[in-house]
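Reader: Please show me how to read the features of a model like this one, with the cut-offs stated as we go.

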Amino acid sequence: MRDYLRATDFDGRKTMELFQLAAAIKARAKKREYLDVLRGMSGVLLFQKPSLRTRVTFELALQQMGGYAMYLSPAEVGMGQRESVYDVAKNLERWVDIVIARVFAQKDIEDLAAATAPPVVNALSDDEHPCQAMADFFTLYEKGVKWSEFVFAYVGDGNNVCHSLMITAANLGVEIRVATPLQYAPAPTIVEEARRRHAVNGGKLIVTTDPREAVGGAHAVYTDVWASMGREHEAEERRKVFVPYQVNAELMKLAAPNAFVMHDLPAHRGEEITDEVMDSPASIIFDQAENRLHIQKAIILECLGMAESTAASLGVR
């Protein structure tokens, strides 16, 4: 068994293995053929932040594989306030087989993992959103892209999603260009780690303040909200800075022909992305959302030590 706390926890080989497994699981699910490998097992969704996609897809992932899912809201637990992270962890390990946590501080999820025996999955923290990045690149994998020839552009806030995308791109050897305002650049430690992985796997990382430089010739253009959850009080100030980073039709003209449009959702239409672009034929945004379900099944199985046996049973090589 293993935790999945950061995008660095999977290398490129493991990432591709999980993409292949997720594709096989998805193909069966489309025929209403669900796995039963988690029968008798249970997982808890321990959330400090609300969510649509994360809650629905993780609950369904557990249930569609035969397990039981329980959701705990912030009001019910108060982790770190009403009860310490350690005590929450020691309680949960007596009851459940896997913990899926959506938190503010990365330290909370790392402390949770250190204190509890069952595997812990990071369903979002202020530092990273690794499951989202896996879904995003799985969506591109389904499109048949060749990693070594692909250019991925991210435009907007150098936030948790950006961090996980940078590391996942580096794991796969994908060139990624990140355009952010200088004061909202990705963390230097993430930049350093991504470049270290690119040196091994191929591709490269470009960090710039110019969205046109990032998008020029790119095969996918990705954006996210300008003020992430927990930073809503900065929204007005950020809006003034981020206006030049809006993904709109004019910016998309600089991308490669038939470039994909991507967003992790929720979107603030008319801010970081226009309706025209979000609803265009180039958009694969709702494919990304759907694929949260399928890749998270593969991640759960990997963390429980069941991915290899499940892949073999499905004929995945």
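Reader: How many residues of domain 1 are in contact with domain 2?

Author: Contact means heavy atoms within 4.5 Å. By that criterion, 34 residues of domain 1 touch 30 residues of domain 2. The model is predicted, with local features needing pLDDT of at least 70 and side-chain atom pairs counting only at pLDDT 80 or more, while totals for chains, interfaces and linings use all residues. Residues are numbered from 1 along each chain as its sequence is written, and side-chain values use heavy atoms, with hydrogens and water left out.

Reader: Where are the bounds of domain 1 and domain 2?

Author: Domain bounds come from an automatic or database domain assignment. Here domain 1 is 10–127 + 287–312, and domain 2 is 129–285. Their centres, taken over C-alpha atoms, are separated by 24 Å.

Reader: In what order do the strands of the open sheet run?

Author: Strands (E, at least two residues) and helices (H or I, at least four) are DSSP runs, numbered from the N terminus. Two strands pair if DSSP finds at least two bridges between them. The open sheet has 5 strands in the order E7-E6-E5-E8-E9, with parallel pairing. E7 and strand E9 (260–263) are at the edges with a single partner strand each, so one side of each has no neighbour in the sheet. From one strand to the next, the twist averages 20°.

Reader: Which helices pack on the sheet?

Author: For angles, axes are lines fitted to C-alpha atoms, for helices over the stretch in contact, and the values run from 0 to 180 degrees between N-to-C directions. H7 packs on the sheet, touching E5, E6, E7 and E8, and its direction makes about 160° with that of E6. Helix H13 (residues 285–303) also packs on the sheet, touching E8 and E9, at about 50° to the direction of E9.

Reader: Which strands pair with E6, and over how many bridges?

Author: Strand E5 (residues 151–155) pairs with E6 in the parallel sense over 5 bridges. In that pairing Val 151 stands opposite Glu 175, and Tyr 154 has Val 178 as its bridge partner. Strand E7 (residues 205–208) runs parallel to E6 and is joined to E6 by 4 bridges, with Leu 205 as the partner of Ile 176.

Reader: What is the handedness of the β-α-β units that include E6?

Author: A crossover is right-handed if, with the strands pointing away from the viewer, the path from the first strand over the helix to the second runs clockwise. E5, helix H7 (residues 160–172) and E6 make a right-handed unit. E6, helix H8 (residues 188–201) and E7 make a right-handed unit as well.

Reader: Why is E6 described as largely enclosed?

Author: Buried means under 20% relative accessible area, exposed over 50%, and partly exposed in between (1.4 Å probe, protein chains only). In strand E6 (residues 175–179), 5 of the 5 residues are buried, so the rest of the structure largely encloses the strand. Both faces are covered, with Glu 175, Arg 177 and Ala 179 on one side and Ile 176 and Val 178 on the other.

Reader: Is Ser 228 buried or exposed?

Author: Ser 228 is buried, because its relative accessible area is 14%. Ser 228 lies in the loop between strand E8 (220–223) and helix H10 (235–242).
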